[in-house]
Amino acid sequence: MIEENGKVQKIATFVPAGENAPTSAPPLPPGIYSNRPQYRSPGPATVMLLDAINTPFKDQSYARRQMLRFIQEQYKPGQRMAVFTLTGPLNELQDFTTDPQILHTALQRYIPRPQEFAIAGQPTTSIAGGNPTAPSTVTAVDPATAPASGGSSTLGPGMAQLVDSVQQALQSFEGAQAAYAEDQRAILTLNALNSLARILGGLPGRKNLIWVTGNLPFSLIPENRNMTDAELTESLPSLQVHSVEQHAAGNQAAMFRQSHAGEIRETAARLASGEVAIYPIDARGLSISTAIDSQETMREMARETGGRAYVNQNEVRMGVERAFEDQSATYTLGYYPENKKYDGKYRQLKVKVKRDGVDVQSRRGYFAIDPTQMKDYNPSQELASALVDVAPATLVTFRAQAKPSANGKLGVDFLVDADTLSTEDSSNGGKKFSVSFFAALYSATGKMLKNESIRANPSVKAEDYKQILQHGMMVHMDLDQLAEAKDLRLAVRDDRTGYVGTINAPVPAH
Amino acid sequence: MKAVSARARWFSVCLIVLAFTVAVYRVRAQQSSAQVPAPTIRVTTHMVLVDVVVTESRASRPPDFIPKIL
């Protein structure tokens with residue numbers, strides 16, 4: 001039984017574990033490319049994200065060793081995983097594979113690095129590390145005891161006042177610098193989550209995102225959600241030192257959440273509709289530090305997405321194993337909400353089972369956002385971001401073929417899976433699409449050389465719509481041939497929802 | 001040989017769909033020439049998907065009776 005805001009909903013679909021995973025498809029013919037799930041990740045998908053921008057250097061090294069041990073000792077045949085890194089932008093270390101040797105080699109290639117935007121001299125492993133309100137690392141100078149030459153008595157009242165004002169200015173500057181660094185890290189992290197929502201969102205079934213990090217810069221928890229008794233119990237250690245209001249997320253995480261509420265809400269909605277469950281793994285392992293707020297943020301991120309947090313424990317690789325175990329115990333329910341008003345508000349979800357003695361874990365709710373009405377959505381920016389993502393976006397799936405045309409151009413054929421496109425109903429019983437097609441040529445150094453686009457808004461009769469659903473929607477585009485072009489990036493965007501699919505392919509020889 | 005047949009299949013699919021797409025655009029062109037835009041009715045229906053992990057208490061093993069307990 002499933003309840004939305006306390007009201008029982010009628011379950012429309014029930015998919016047992018493992019049954020919604022795409023089966024592998026035969027290889028595509030040469031020159032044809034696709035971002036369909038069966039070519040991206042046949043089988044349940046798990047992603048490991050090694051977060052270098054929110055994790056101190058030494059903790060990255062520890063986490064890397066733990067992940068290598070996990071691959072060597074605990075990785076089971078058939079488990080499928082991709083490895084991404086967050087070192088500023090999102091990078092792909094290894095695409096989906098079931099081969100533990102390939103994963104091991106990829107992890108060995110990963111070199112821990114100093115945190116981006118870290119403040120020199122700041123103790124980033126502690127809770128005060130990124131908090132602009134924490135005591136400054138600028139050495140406190142008391143004008144009365146300052147070891148000035150000749151002793152403090154030599155400082156006249158004017159000089160003491162000057163020292164005091166300089167000290168305040170330095171502290172203020174450092175606070176602003178720390179706040180800027182935290183903000184930049186949070187924005188990069190939010191961008192990475194949006195990229196992952198595009199990359200994973202079109203793959204069917206639940207996707208586990210194992211996020212190996214030292215600190216999450218924000219939480220996805222809605223501002224107005226109350227914590228359950230179970231959550232309060234789980235978080236008891238932090239409640240002993242913080243009020244409930246502070247506890248809702250770490251101080252810095254809460255500040256960022258307030259200043260970027262709209263974007264976070266929409267990212268949360270994308271992750272939820274993409275069935276992405278987050279498993280934060282605290283890269284610091286067992287810690288006696290005061291990093292309670294950041295651990296709480298990890299717990300909240302897990303609760304909101306249906307994952308689990310593995311914090312303040314040694315052997316963090318065990319947390320990864322648990323994520324894989326959950327994958328095989330996942331069932332998918334679907335329902336059409338009785339409340340049809342998509343007002344952007346948060347709706348709480350509760351799944352109940354009839355039998356005692358079982359643990360039930362699912363996301364706590366969702367934002368009722370109509371993707372066609374997203375306020376902070378910028379279609380051009382979304383497309384530009386998708387084109388530079390490190391892996392194909394899968395929210396719109398298609399096949400494509402590029403080959404030199406007789407007219408000396410580079411011909412590109414798109415064949416779009418129409419069931420991944422939204423439509424509007426026409427009064428004559430037909431459907432109306434709103435789709436844009438993009439093709440861009442890139443140099444070997446990643447510079448965009450040229451791009452073309454076509455917009456299509458066909459209205460079709462009901463019987464023709466069935467044909468399009470069955471065979472796909474095809475569009476042809478011609479591009480100028482450029483000698484220095486090496487890569488071809490193709491994108492299809494549903495202009496109503498903003499959902500994008502992309503394919504990267506080499507430019508065929510002409 | 002396999003690649004050739006697959007390519008031929010792809011080409012034939014493309015031809016079918018291209019012919020169909022032309023038909024689609026023809027329909028659109030007729031509508032435009034009549035200067036009567038087809039009114040559209042927005043119906044937004046989203047299915048909410050919820051993934052549920054069900055494990056026996058104190059174990060990660062999934063129970064085998066899930067369809068009966070929900």
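These legends walk you through several close-up views of a predicted model.

**View 1. The largest nonpolar core of the model has 37 residues.** Phe84(A) and Phe218(A) have the most contacts inside this core. Several helices and strands supply at least two residues each, including β5 (45-51), β6 (81-86) and α9 (261-273) of chain A. The biggest share, eight residues, comes from α4(A). As background, nonpolar side chains tend to be buried together in soluble globular proteins.

**View 2. Here we look at the surroundings of Phe84(A).** Leaving out residues up to four places away in sequence, Phe84(A) touches Val47(A), Leu90(A), Leu196(A), Ile199(A) and Val390(A), among others.

**View 3. Helix α12 of chain A spans residues 379-388.** Which of its residues are buried? They are Glu382(A), Leu383(A), Ser385(A), Ala386(A) and Leu387(A). These buried residues pack against α4, α9, β18 (435-442), β22 (487-494) and β23 (500-506) of chain A.

**View 4. Tyr75(A) and Phe324(A) form an aromatic pair.** Their ring centres are 5.9 Å apart and their planes meet at 85°, so the pair is edge-to-face. Tyr75(A) sits in the loop between α2 (57-73) and β6, while Phe324(A) belongs to helix α11, 249 residues apart. Both Tyr75(A) and Phe324(A) are buried. Together with Phe70(A), they make one aromatic cluster.

**View 5. Phe433(A) pairs with Tyr465(A).** With centres 5.8 Å apart and planes at 40°, this pair is tilted. Phe433(A) and Tyr465(A) are both buried. Look also for Lys431(A), which lies over the face of Tyr465(A), at 5.5 Å from the ring centre.

Conventions
Residues numbered from 1 in each chain as written. Chains lettered and ligands numbered in written order. Predicted model: local features only at pLDDT ≥ 70, side-chain atom pairs only at ≥ 80, totals over all residues. Heavy atoms only, no water. Core = buried A, V, L, I, M, F, W, Y, C linked by side-chain atoms within 4.5 Å. Buried < 20%, exposed > 50% of the residue type's maximum accessible area, 1.4 Å probe, protein only. Helix = DSSP H or I, 4+ residues; strand = E, 2+ residues; numbered from the N terminus. Contact = heavy atoms within 4.5 Å. Phe/Tyr/Trp six-rings, centres within 6.5 Å; stacked < 30°, edge-to-face > 60°. Lys NZ or Arg CZ within 6 Å of the ring centre and 35° of its normal.
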